[in-house]
Amino acid sequence: MKPTDLVLTPTHLRFCGRRFPRRVGRGGLTDRKAEGDGATPRGVHRIVGMLYRPDRMARPADWALPIGPRDLWSDDVHDPNYNMMVRASHRFSHENLRRADPMYDLIILTDWNWPYAVKGRGSAIFIHQWRGPGRPTAGCVAFRRDHLRWIARHIRYQTRLVIA
């Protein structure tokens, strides 16, 4: 592991000499990720992007991209754009990235099953804001809002998410 890695432990996440409480998928950790299983995949995942809501926060990093009103993420294995960012209107199943709640105000993208997705292996594993302490995700890794923003400001090009 590198000093710049986000390291997920059984109880928290270590990064830049700090410890952060975190939430993972309702299906726990897995070595066999599948679409809809609610599990968080073990492995070493590169950070490949950052998205944010410009109507709700300042740009968290100079390389972060704004989430627009029509931005979606495809989670449909039948979609030719499975596990990719797409735009409304989109006829396949998808997640709306511009949510009414604050969960996706800031999204850090990992390279899980991306950019060449294996259908059924699970769509995006995001790092995002949690719904609350003790509340699991659908497979992503989630943090308190203030912790997520601190993490976002300190991520570098070589940062990876390490889930052992």
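F126 counts as buried, at 1% relative accessibility; buried means under 20% relative accessible area, exposed over 50% and partly exposed in between, for a 1.4 Å probe and protein chains only. The model is predicted, so that local features need pLDDT of at least 70 and side-chain atom pairs count only at pLDDT 80 or more, while totals for chains, interfaces and linings use all residues. Residues are numbered from 1 along each chain as its sequence is written, and side-chain values use heavy atoms, with hydrogens and water left out.

A pair of aromatic rings is described by the distance of the centres and the angle of the planes. Rings of Phe, Tyr and Trp (its six-membered ring) pair if their centres lie within 6.5 Å; planes under 30 degrees apart count as stacked, over 60 as edge-to-face and the rest as tilted. Four aromatic pairs are found in a search of the whole structure. Helices (H or I, at least four residues) and strands (E, at least two) are DSSP runs, numbered from the N terminus. W73 is buried, with a relative accessible area of 7%.

F126 also forms an edge-to-face pair with Y104, at 5.5 Å centre to centre and 85 degrees between the planes. Here too distant parts of the chain are linked: Y104 sits in the loop between β10 (94–96) and β11 (106–110), 22 residues from F126 in strand β12. Y104 counts as buried at 3% relative accessibility. Elsewhere, ring pairs join F15, F20 and W150 into a cluster.

F15 leads on to D5, for D5 touches R14, F15, Q158, R160 and V162, residues up to four places away in sequence not being counted; contact means heavy atoms within 4.5 Å. D5 lies in the segment before β1 (6–8) and is buried, with a relative accessible area of 2%. Its side chain makes a polar contact of 2.7 Å with the side chain of R160. A polar contact is a pair of N or O atoms within 3.5 Å; within protein, one must be able to donate a hydrogen and the other to accept it, and residues adjacent in sequence count only if both atoms are side-chain atoms. A polar atom of the D5 side chain also lies 2.8 Å from the backbone nitrogen of K2.

In strand β4 (residues 29–30) one finds T30, which counts as buried at 15% relative accessibility. T30 and P41 are 11 residues apart in sequence, yet their C-alpha atoms are 5.0 Å apart in space.

The largest pocket has a volume of about 290 Å³. On a 1 Å grid over the protein atoms alone, a pocket is an open set of points with protein on both sides within 12 Å along at least five of seven lines, a cavity is a set where a 1.4 Å probe fits but cannot get out, and lining residues have an atom within 4 Å of a point. Of the 21 residues lining the largest pocket, E95, S123, A124, A138 and G139 are the closest to its centre. The largest cavity, of about 30 Å³, has a lining that includes M103, H128 and W130. Grid points are joined across faces, edges and corners, and a volume is the space filled by probe spheres set on the points.
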